Amino acid sequence: MTGTGLSPTTTTRTRANAGAGLLLLGALLTGCGAEPGEIPLSEIRADTPSAAPDAVGAAAGTPAAPAVAAHNGLIVSRAYLDPDHTTSAIVTVGPDGTGERQVTQPPDRARDDRPDWSPDGSTIAFDRTDPQTGGARLWTVPATGEGERQIGQLCDNGTADCTNEDERAPAYSPDGKQLAFSRSWGALDPAGKNQIQYSDLYLMAPDGSNVQRLTFLTNDKPYSGEVGNPSWSPDGKQLTFEYRTGASGQPANSRAVYIVGADGTGLRQLTPWELRAGDRASWSPDGTQILFTTYPAGADNAPGGGIYTVHPDGTAIGALTPAPSDAFYGAASYAPDGRSIVFAQAPAGGTADLYSMRTDGTGVARLTNNTTGRWLSRPKWGTATPPAAPGAATPTTAPAAPAQTQPSAEPQSQEQDQN
């Protein structure tokens, strides 16, 4: 699916109304439970008008797209191809952890990362970081692993808002008609560990057209932080995303999960700063719970993170993994049937593998067992049917969880941005 690059005039969309940006930023800095600023998408949008998400239409009386059948299919993940973790690819494994298959073919030292399934399980969206520039662009690949294509990048000229332009973490809307993604651009601040100038959440069609800017968190406070890892609610009406503050952010060098309406309104902080929640959150299929992972401050390999759940209104935060813990957990994802969770975990100083557990944190079971340092992480559970092995039945569901809870005994390490 080859996308359409924006025209030179379109790139001016990255400068919002200053007053509106200040209103939204005020809501951001007040922390969890703050009243959100209300900034419509019409402030900045692409040259070609784009249709509002179906979820917004549903609120006005138009039925939303039907939910995908609860079928636990393939799990997609990121895996490194070399011991030094300089090159990574997108792989799929069966719901029982077997049948690992590499589906992207990155160039040497390129990193394919942050995969997400299309609702019908036919396509995987991901980002690829260029080894020369360090910038990421959005790609798609069929679940079969043939015919990967880059989505048309937003910037196609040398204007100021294309400097260091970076696009990451694509996420399909429940109806498959939109991709949410994070975009960063602008000058780097040497005093803030090369913090990027601007970063916010965007929407577009899967072919790269009809681009809309959704958030304005850094519009009037450059170098304050970065937005990333969006995830849609099952009804398509809201998105969660990660906000990581920089050295000049308030508070500095922290992270939290935020939530915003698919029309750009209703921004609010979902998790408190002290939890340091991040990476891609995962909504339960019924929309009642949001799954997220926490990461401790300090060294990248510092233990003490965990997997938690929270209601969409920010209440009832609860831990699914033991605390305090000497483990380091990676991103987690609900199974399509809502009965299981897949997540990444690694022994201290070792490599990450995929595990599953019940939605209450019990029944932990190891799914993969890599011994070559591939570091399987950032899993997303989809509906694609695993290819049938010759003479074998095709698995359709994850193995039953053990009758007794298996302790999450293997501590996990983390590398920078390698959750």
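Student: How do β9 and β10 pair, and over how many bridges?
Tutor: Strand β9 (residues 179–189) and strand β10 (residues 195–204) pair in the antiparallel sense, over nine bridges. Strands here are DSSP runs of E with at least two residues, numbered from the N terminus, and two strands count as paired if DSSP finds at least two bridges between them. This is a predicted model, where local features need pLDDT of at least 70 and side-chain atom pairs count only at pLDDT 80 or more, while totals for chains, interfaces and linings use all residues. Residues are numbered from 1 along each chain as its sequence is written, and side-chain values use heavy atoms, with hydrogens and water left out.

Student: Which residue in β10 is the bridge partner of tryptophan 185?
Tutor: That's tyrosine 198. Leucine 179 also has a bridge partner in β10, namely methionine 204.

Student: What sits in the turn between β9 and β10?
Tutor: The two strands form a hairpin with five residues between them, and lysine 193 in the turn has a positive phi of about 55°.

Student: Is β9 mostly covered or mostly exposed?
Tutor: Mostly covered: eight of its 11 residues are buried. Buried means under 20% relative accessible area, exposed means over 50%, and partly exposed is in between, using a 1.4 Å probe and protein chains only.

Student: What about β8 and β9, how many bridges there?
Tutor: Five bridges join them, and they run antiparallel. Arginine 168, for one, has serine 182 in β9 as its bridge partner. β8 and β9 form a hairpin too, with six residues between them, and glycine 176 in that turn has a positive phi of about 75°.

Student: So which sheet are these strands in, and what is the order?
Tutor: An open sheet of four strands in the order β8-β9-β10-β11, with antiparallel pairing. β8 (166–172) and β11 (212–213) stand at the edges with a single partner strand each, so one side of each is left without a neighbour in the sheet.

Student: Where is valine 211?
Tutor: Valine 211 is in the loop between β10 and β11. Valine 211 is buried, with a relative accessible area of 1%.

Student: Switching topic: how many disulfides does the structure hold?
Tutor: One. Cysteine 155 and cysteine 162 form it, with their sulfur atoms 2.3 Å apart; the cut-off for a disulfide is a pair of cysteine sulfur atoms within 2.5 Å.

Student: Why is that disulfide called left-handed?
Tutor: The torsion about the S-S bond of cysteine 155 and cysteine 162 is about -95°, so the disulfide is left-handed. Both cysteine 155 and cysteine 162 are buried.

Student: What other open sheet has four strands?
Tutor: There's one in the order β20-β21-β22-β23, with antiparallel pairing. Its edge strands are β20 (328–334) and β23 (365–366), each pairing on one side only. Strands β21 (residues 340–346) and β22 (residues 353–358) pair over six bridges, and valine 342 has serine 356 in β22 as its bridge partner.

Student: Last one: what is the mean pLDDT of the chain?
Tutor: The mean is 79, and 74% of the residues reach 70 or more; pLDDT is the predictor's confidence in each residue, from 0 to 100. Over residues 1–68 the pLDDT stays under 50, and the model has 141 contacts for them beyond four places in sequence. Contact means heavy atoms within 4.5 Å. Residues 392–416 are below 50 as well, with 74 contacts in the model beyond near neighbours in sequence.
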